[in-house]
Amino acid sequence: DDKVIKFYSKKYGGSISSSREAAMYDKAQASPLRGIVPCLLASGSTSIVHRLSDPSSLGLFLETPSSSSSSSSSSSSNSQHQDSTSASAPSTSTPEEHIIKEEWPYVITSFVDGSNLMTARIEANKIDMSSVSAFLASCLPSIHCLLPLSDSSSSEFTQFLETRKEQCQKTHWHWRTMTTTLISEIDAYLPSPISSLLDISSLRSLHCDLTDENILGCVEISKKKPNLARRRNNTSSTNIVWTPKYLIDFGDARQGDIHYELVSLFISVFECNKENFKTFMKMCPLNPSKQLWSLFEDDPEKYIYKMMCYTLLHEVDALDTAFLHCP
């Protein structure tokens, strides 16, 4: 069977990401998500050893076994020796070998065959967003129960938000999606303390990257029945239907506020279409007695403010995608 081997860079938090993804895939096999997400086959870490005579030539800014001072004096000594003997004989010294060892976490999963929603929007005749809503409404409650909440869940997400808030204005200056006036007002707009955004009742196990790239589906191609005009012109057309079937990429999973999860769904999956998103919200359970739509109905002003805050605090430039759909 085909497999997917995914490596993670430790330099950018890959150890945490790989362990999160492995845990989510493992738990999913004992949940209604079995068959919807890839099956975890193995996970771990492997070592890669580089033997280089000149690591700087590859742009590897890594420490070498020798210290900078001894390396410098050695280089100076060799240089002087070469200068004094260059007229009599060529140098026979060999360059010092640098051994660099890197740890690469990995996850191995089963391969799921499908095209993502982003590609389907280009290739398919039409995407039935009601089927996307129904699919996500059936999956989301199971995702949100995968990892059990702990006493530290709230504090860990609060710490994540505090870090995002500290970096928020600087990050948006870098992205330059908003005007300079709006960027300068971010700090005043976000609540203080940032923990006031989090309602304990909204705490869930989150996917955190539910975008149109991570929803896969199957494509069915058929010939449309020719209408009268096509019969006269002796032409026919192809009907391409895409149906959602799989969810992938749990590397950003964490425990946190469900509103944070809804940002990428609204902007990326539903392309800022309020009616389609409303349909999904009314289909998806929040708890046994309420649907997600109750988050808006109970306090529309609070809901809109929280969604805007989480959009600003998001790890990716969510507004850039939003402006593509709503120029």
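**Close-up views of a predicted model**

Pro193 sits in the loop between α7 (186-189) and β5 (203-206). This is a predicted model, where local features need pLDDT of at least 70, side-chain atom pairs count only at pLDDT 80 or more, and totals for chains, interfaces and linings use all residues. Residues are numbered from 1 along each chain as its sequence is written, and side-chain values use heavy atoms, with hydrogens and water left out.

**View 1**
Most peptide bonds are trans. Helices (H or I, at least four residues) and strands (E, at least two) are DSSP runs, numbered from the N terminus. Thr158 lies in helix α5. Thr158 has a relative accessible area of 12%, so it is buried. Buried means under 20% relative accessible area, exposed over 50%, and partly exposed in between (1.4 Å probe, protein chains only). Leaving aside neighbours within four places in sequence, Thr158 is in contact with Ile194, Ser195 and Leu198. Contact means heavy atoms within 4.5 Å.

**View 2. Helix α4 against helix α10.**
Helix α4 covers residues 129-143, and helix α10 covers residues 274-283. Their axes come within 9 Å and cross at roughly 35°. Axes are lines fitted to C-alpha atoms, for helices over the stretch in contact, and angles run from 0 to 180 degrees between N-to-C directions. α4 passes α10 in a right-handed crossing. A crossing is left-handed if the near helix is turned anticlockwise from the far one by less than a right angle, and right-handed if clockwise. From α4, the contact uses Met129, Ser133, Ala134, Leu136, Ala137 and Leu140. From α10 come Asn276, Thr279, Phe280 and Met283. By class, this contact of α4 with α10 has 7 nonpolar, 3 polar and no charged residues. Ala, Val, Leu, Ile, Met, Phe, Trp, Tyr, Cys and Pro count as nonpolar, Asp, Glu, Lys and Arg as charged, and the others, Gly among them, as polar.

**View 3. Helix α9 against helix α10.**
Helix α9 spans residues 258-269. The axes of α9 and α10 come within 10 Å and cross at roughly 135°. That angle makes α9 oblique to α10. Angles under 35 degrees count as roughly parallel, over 145 as roughly antiparallel, 65 to 115 as roughly perpendicular and the rest as oblique. The crossing of α9 and α10 is right-handed. Leu262, Leu265 and Phe266 of α9 make the contact with Lys274, Phe277, Phe280 and Met281 of α10. These residues of α9 and α10 divide into 6 nonpolar, no polar and 1 charged.

**View 4. Leu265 and its partners.**
Leu265 lies in helix α9. Leu265 has a relative accessible area of 0%, so it is buried. Not counting residues up to four places away in sequence, Leu265 touches Leu136, Leu140, Leu210, Phe270, Phe277 and Phe280. Leu265 and Leu136 are 129 residues apart along the chain. Their C-alpha atoms are separated by 9.5 Å.

**View 5. Positive phi at Cys272 and Arg176.**
Most residues other than glycine have a negative phi. Cys272 has a positive phi of about 65°, although it is not a glycine. Cys272 is found in the loop between α9 and α10. At 13% relative accessibility, Cys272 counts as buried. Arg176, also not a glycine, has a positive phi near 60°. Arg176 lies in the loop between α5 (153-175) and α6 (180-184).

**View 6. His314 in its loop.**
His314 is placed in the loop between α12 (300-313) and α13 (318-325). At 5% relative accessibility, His314 counts as buried. Not counting residues up to four places away in sequence, His314 touches Arg164, Trp175, Cys208, Tyr260 and Val263.

**View 7. The whole chain and its confidence.**
The chain has 13 helices and 10 strands. Buried residues make up 38% of its 327 residues. Among contacts between residues at least 6 apart in sequence, 79% join residues at least 24 apart. The chain averages a pLDDT of 86, and 82% of the residues score at least 70. Over residues 60-89 the pLDDT is below 50. Beyond near neighbours in sequence, this stretch has 11 contacts in the model. pLDDT is the predictor's confidence in each residue, from 0 to 100.
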